[in-house]
Amino acid sequence: WSLGVWQPAHVSVGTDRHMATIKDGVEHDTKWCNLQNLKKLLTDGLITQTEYSMRRNQLIDELTGTSLTTLAASQYKRRRGSSASDMVQNLPAIIPKPPPDFTDFPAEKSIKYVYDLKTREWTSKEVNLKLDTVPFSRGSLRVVYHMEMEEPGEIEVAGEAKNRYVAKISMNPSDNKNKKVYFRDVETQTIAKYYAEKFNQYHPPKKVDFIKACVLELIQREGNPIVGVEKFIPGPYRKHNSNFGYVSDEERNTPQAFSHFSWEASDHTLLVCDIQGVGDLYTDPQIHHISGEGFGKGNLGMAGISKFLQKHRCNAICRYLKLPQLNAKVSDIGTIPTTRLMALNNIQIVTMVQQAGAQLHSQTAVLPVLKRQVVVDNSKEETRCNRCTVI
């Protein structure tokens, strides 16, 4: 998952200060915090017992200076393969923190790639950015860094910090060799955003949206690493459901109804799930397609779709949208529309995205040509069992 070595044109004042190692005391406190967070991930069903044991032993090793993971790591490697083992053993220390003061950080050039759903084409341009040296968060698949990026003509949006972004990089080494995974993730999020726009047209009590994402190629770093990028949104981050049936204890009406809506609006061809973010501004969704192809490794096809349909409990918003009732709640709680039912007879089937979706799981889909990596591997994505791709 390494971001590579940055190769500046000159050395900027203050670089050494920001590249310095985090003090031992801070690392110690953070590791104890990570142990608690790890236990919650296991309790919530987001990681397996094996993954929990491996990461727990690694954290204890770091705290105590012992070597509990040596034997377990070799066993884990035999069971799941070297890339999964490497991913577990090489995780960076996560330091939860707000965006830093980037004043003294060195600026570097990068190529920004943006996807247009209507034309189904990628465009690129050069931008300047400043990237933090320590990740502040991680998910089940990626680590996340604070970043500042200069966007000429950027329009300020309420609730967003101007020029402040997050950069996400996969923890799976194979994803950083076959870099198309980053582009597929952005295409997936763009389609999810389109479904959110359609959902909002029916005037639900709360509108939803997905952050606009892009891909950056860090051309001044060794190997030209690729990162996924989106705006930094301050506020408490919540995960509402997963790609394999998990539902948050809060079980908020809006995100659960949106996932159900996507299944019905797509005429039972795809499901937008793994809903998470700040408020109802979401990011990092997963799309399950009935073909089981495309949309990244987290696409579990009908297995993931069936799991959602089994676990979903229709709420007042599902009823308002006149969606087929699935395991309806006993009583109306949470966000409730002002009227019981919408005026329209039913929701309309989304058609424009169907062709884009077909392109996403086509083996001949066109990806942008990178500055140094002239050929992007378009071979079939590696297959994994459901347990390895639950996010």
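Analyst: **Around the tryptophan**

Leaving aside neighbours within four places in sequence, W263 is in contact with H268, T269, L270, L271, I290, I305 and L309, where contact means heavy atoms within 4.5 Å. The model is predicted, so local features need pLDDT of at least 70 and side-chain atom pairs count only at pLDDT 80 or more, while totals for chains, interfaces and linings use all residues. Residues are numbered from 1 along each chain as its sequence is written, and side-chain values use heavy atoms, with hydrogens and water left out.

W263 belongs to helix α7 (residues 253-265). Helices (H or I, at least four residues) and strands (E, at least two) are DSSP runs, numbered from the N terminus. W263 counts as buried because its relative accessibility is 7%; the term means under 20% relative accessible area, with exposed being over 50% and partly exposed in between (1.4 Å probe, protein chains only). Although 26 residues separate W263 from H289 in sequence, their C-alpha atoms are 9.7 Å apart in space.

**Aromatic rings**

A pair of aromatic rings is described by the distance of the centres and the angle of the planes. Here, rings of Phe, Tyr and Trp (its six-membered ring) pair if their centres lie within 6.5 Å; planes under 30 degrees apart count as stacked, over 60 as edge-to-face and the rest as tilted. The count by this rule is 11 aromatic pairs.

One of them joins F136 and F232 edge-to-face, at 6.5 Å centre to centre and 80 degrees between the planes. This pair links distant parts of the chain, 96 residues apart: F136 is in the loop between β2 (121-131) and β3 (137-138), and F232 in the loop between β8 and β9. F136 is buried, with a relative accessible area of 15%, and F232 is buried, with a relative accessible area of 15%.

Another edge-to-face pair is formed by F199 and F258, with 5.6 Å between centres and 90 degrees between planes. Because F199 lies in helix α6 (residues 180-200) and F258 in helix α7, the pair ties together parts that are 59 residues apart in sequence. F199 is buried at 0% relative accessible area, and F258 counts as buried at 0% relative accessibility. Ring pairs also link F199, Y202, F210, F258, F261 and Y282 into a cluster.

Four strands, in the order β6-β12-β11-β9, form an open sheet with mixed pairing. Because β6 (209-210) and β9 (237-239) stand at the edges, each with a single partner strand, one side of each is left without a neighbour in the sheet. Two strands pair if DSSP finds at least two bridges between them. Strands β11 (residues 276-278) and β12 (residues 281-282) run antiparallel and are joined by 2 bridges; V278 stands opposite L281 in β12.

Elsewhere, strand β5 (residues 164-170) has 6 of its 7 residues buried, so β5 is largely enclosed by the rest of the structure. Strand β4 (residues 142-150) runs antiparallel to β5, joined by 7 bridges, and H146 has V166 in β5 as its bridge partner. Strand β8 (residues 226-231) also runs antiparallel to β5, through 4 bridges, with G228 in β8 as the bridge partner of K168. Finally, the charged end of K231 sits over the ring of Y165, 4.7 Å from its centre; a charge sits over a ring if NZ of Lys or CZ of Arg is within 6 Å of the ring centre and within 35 degrees of the ring normal.
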